[in-house]
Amino acid sequence: MLTFANMDAVVLPTAPTVYSTAQVLANPIELNSRLGTYTNFVNLLDLCGLALPAAMRPDGVPFGVTLLGPAGRDAMLASIGRVFHGDTKLNVGATGVAQPRLAPLPPSGGDDIPIAVVGAHLSGMALNGELKALSGRLIEATRTAPDYMLYALDTTPPKPGMLRVEAGKGAAIELEIWSLSASAFGKFVHAIPPPLSIGTVKLADGRCVKGFVVEPEELGGAHDITAHGGWRAFMAAVKGTETEDSSASVASIKRRSRSRGAFESCLVSSNLRRENRDEMGCQKASSSAGYREWTDPKRSRRR
């Protein structure tokens, strides 16, 4: 998502206030709705969230915050939340028991190989399950050096192709680094279909890792999506366009429905007037003219 291009997470209060049980029982719908002020939109905007205890107020009431990020960034939020919660030095709930010391993260296996993914294998995307099936672990979300172009390929499911260009002549592309064992890495790479392949990807901080690249000769006719800064942002933009197109189609159907209703109403009125033509000759002429006007395509277009 473009909103999160330069941030890891958004921090909001978990709830705007705290109510007693008696208050909620007396007015459950309104108060529960108010408690969701900072969380009701999370699913609607396709975000993920993590609620954390943050502090105790002077009156003994707890206060918490919620970390929000794009869908699929749960691991990143968990890594932030783990350190934040440990740093609060809060007791464990209402038990009065102190938190245990923050345990160090287990070291990665000696034969683990990092791999950079930029498209359908990102967290929450169509092919991410292939990494998880091989016990892949998300290490970090970062960007490439500004030396790459990104293209939308004609594949099923949709995938991008990342091409390295002259240094500084491209853009920094969002990606994720996953870790696979040596055997899993081999299985994963063996299953990659053309025109994608694994090459060396230069990161924004100067590191180089193995990751997805595309064969340049296969890019004929591919759509340049570099300006989006990453596959996730591009897919979000496509989804937004489809929503707009759908809304436009609904509006068009409604307009056609109203026009058809107006035509049918006029036709009925015209027929009634024609049935009474013996009573007044001018009514016959009027009804015939009205009927022709609604059935003649040329006249209808002038309306």
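Buried means under 20% relative accessible area, exposed over 50%, and partly exposed in between, with a 1.4 Å probe and protein chains only.

I noted that this is a predicted model, where local features need pLDDT of at least 70 and side-chain atom pairs count only at pLDDT 80 or more, while totals for chains, interfaces and linings use all residues. Residues are numbered from 1 along each chain as its sequence is written, and side-chain values use heavy atoms, with hydrogens and water left out.

**Aromatic pairs**

I asked how many aromatic pairs the structure holds. There are two. Rings of Phe, Tyr and Trp (its six-membered ring) pair if their centres lie within 6.5 Å; planes under 30 degrees apart count as stacked, over 60 as edge-to-face and the rest as tilted.

Phe-212 pairs with Phe-188. I read 5.9 Å centre to centre and 90° between the planes, so the pair is edge-to-face. The two residues are 24 apart, and the pair links distant parts of the chain. Phe-188 sits in helix α5 (residues 182-190), Phe-212 in strand β10 (residues 208-214). Helices (H or I, at least four residues) and strands (E, at least two) are DSSP runs, numbered from the N terminus. Phe-188 is buried too, at 4% relative accessibility.

Next I looked up Trp-231 and Phe-234, which form a tilted pair: 5.3 Å centre to centre, 35° between the planes. Both lie in helix α6 (residues 231-275). They are separated by about one helical turn because they are three residues apart there.

**Met-162**

I then turned to Met-162, in strand β7 (residues 159-164). Is Met-162 buried or exposed? Met-162 is buried, with a relative accessible area of 1%. I listed its contacts (heavy atoms within 4.5 Å), not counting residues up to four places away in sequence. Among them are Phe-212, Val-213, Val-214, Tyr-148 and Ile-173. I also checked Ala-152: Met-162 is ten residues from Ala-152 in sequence and 9.1 Å away in space, C-alpha to C-alpha.

**The sheet**

I traced an open sheet of three strands in the order β7-β6-β11, with antiparallel pairing. Its edge strands are β7 and β11 (223-224), each pairing on one side only. Two strands pair if DSSP finds at least two bridges between them. Strand β6 (residues 148-153) is joined to β11 by two bridges. Which residue stands opposite Asp-224 in β11? I found Tyr-151 there.
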